[in-house]
Amino acid sequence: MNKKKPHTEEELKDFFSNENLNDKYFQKFLSFYKLCFNELYQEYKDWEDNEFEEEDSIQVMTLNVALERIKKMSEEIEKGHGEKWAEIISSSSEEGESLLSHTYMELMKIDPQLAKNEIQILAKSFLEDEYFEKHYLFLFEVVADIEGRIETAKEYSKIYKEQIKDGKSDVFSHEYADLMSENEESDIYCIAYALGYEYSHYKKNNEECSQKFAYGFADYVDKNYCTFSDFNHENDLEFIWTKGCLNAWNYSKENNIAPIRFINNYVSLYVNLYYSNKGKKENSNINFDDLVLNKTLAILKK
C-alpha cells in the first residue's frame with residue numbers, strides 16, 4: 001500500500017455518503033481534501049511507508065481533516081450563516097468565543113458589513129431580545145474582552161430594560177447598562193458616567209467630547225462621594241445635585257479653576273438656593289445658573 005497516494009474521487013464519494021451529508025457540499029469537501037492532501041504531502045513526501053504508524057497515512061489524515069472541515073462548514077450554513085463565515089470557522093483551530101472573535105476579525109478584513117451581518121445572525125441564534133442582539137454586536141465592534149460576551153450582553157439587556165422602566169432616557173440607560181454589565185466600576189461611578197454622558201450628549205457635543213466629560217465627572221463623583229442616595233432625601237434632589245455638579249465641573253474645566261473647592265462650593269449653593277425661597281425669588285430676576293456662579297466666585301475671592 002502506498003501511504004502517500006490520494007483517494008480516488010469515487011472512494012471519496014463513498015466516504016462522503018456514509019456521513020449523511022448533503023450532496024451540495026461534496027465539491028467543497030473535494031476541494032478541502034485536495035488542499036489538505038497537498039499540504040500534508042509536502043510535509044511527509046520523504047517518508048517511507050514503514051515510518052508511518054500502522055493505521056496512519058497521508059490519505060487517512062487528509063480524509064479525517066476534510067470530513068471534519070466539511071461537517072463544521074455545513075453546520076454553520078444550516079444555522080443560516082454564509083459560506084465565507086462557515087469556511088473560516090471550519091478552518092480555524094480556535095474554539096469557543098475565541099473562534100467567534102477570530103472569525104469576525106477575519107471577515108472584517110474582507111467585508112465589514114458582511115462581518116456585522118454574520119454577528120447579527122449569531123446573536124439571533126441565542127433567542128434573546130433585541131437589546132441583547134444589539135449589545136452583542138456592539139461588543140464585537142468595540143473589541144471588548146473575548147470571553148463572556150454572551151453573559152455580558154444578557155446582563156446589559158436586563159439592566160437597560162430596568163432603567164427604561166424607571167423612566168430613564170435611552171442614552172442614560174445604554175451608557176449605565178454598558179458599564180454595569182462589564183462589572184468593573186462601582187454603581188456610583190456608572191451612574192455619574194451615564195449622567196455626564198447624557199448631559200453632554202444633549203448639549204450636542206460629539207462622541208469624544210461626551211466621553212471625556214463623562215469620564216471626568218464620573219472620576220470626580222466616585223472619589224468624593226459614597227453614593228447618590230446620600231443626596232436623595234427630597235423628591236428631585238438627585239437630579240438637582242447632579243445638574244449642579246455638571247455645571248460646576250464644566251465651568252471649572254473651561255476656566256482652568258482648581259475643581260474640588262470650586263465644585264464643592266458651587267454644588268452646595270446650587271442645591272441650597274434651589275430649595276430656598278430666597279433662591280427661587282432671585283431666580284425670577286436672573287438666570288439661576290449665573291446666580292449660583294456669581295455667588296460661588298464671590299466666595300472663592302474671600
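1. Is Tyr156 buried or exposed? In this predicted model, Tyr156 has a relative accessibility of 4% and therefore counts as buried, since the cut-off for that class is under 20%. Tyr160 is likewise assigned as buried, its relative accessible area being 8%.

2. Tyr156 and Tyr160 both belong to helix H8, which spans residues 149-165, and they are 4 residues apart, or about one turn of that helix. Their rings form a stacked aromatic pair, with 5.8 Å from centre to centre and 20° between the planes. The count of aromatic pairs in the model comes to 19.

3. A further pair to inspect is that of Phe172 and Tyr176, whose ring centres lie 5.7 Å apart with the planes at 10°, so that this pair, too, is classed as stacked. The two residues are in helix H9 (residues 170-182), and because they are 4 residues apart there, about one helical turn separates them. Phe172 is buried at 3% relative accessibility, and Tyr176 is buried with a relative accessible area of 9%.

4. Ring pairs also join Tyr104, Phe126, Phe132, Tyr136 and Phe140 into a cluster. One member of that cluster, Phe140, has the charged end of Arg149 over its ring, at 4.2 Å from the ring centre.

Definitions and conventions: Residues are numbered from 1 along each chain as its sequence is written. This is a predicted model: local features need pLDDT of at least 70, side-chain atom pairs count only at pLDDT 80 or more; totals for chains, interfaces and linings use all residues. Side-chain values use heavy atoms; hydrogens and water are left out. Rings of Phe, Tyr and Trp (its six-membered ring) pair if their centres lie within 6.5 Å; planes under 30 degrees apart count as stacked, over 60 as edge-to-face and the rest as tilted. Buried means under 20% relative accessible area, exposed over 50%, partly exposed in between (1.4 Å probe, protein chains only). A charge sits over a ring if NZ of Lys or CZ of Arg is within 6 Å of the ring centre and within 35 degrees of the ring normal.
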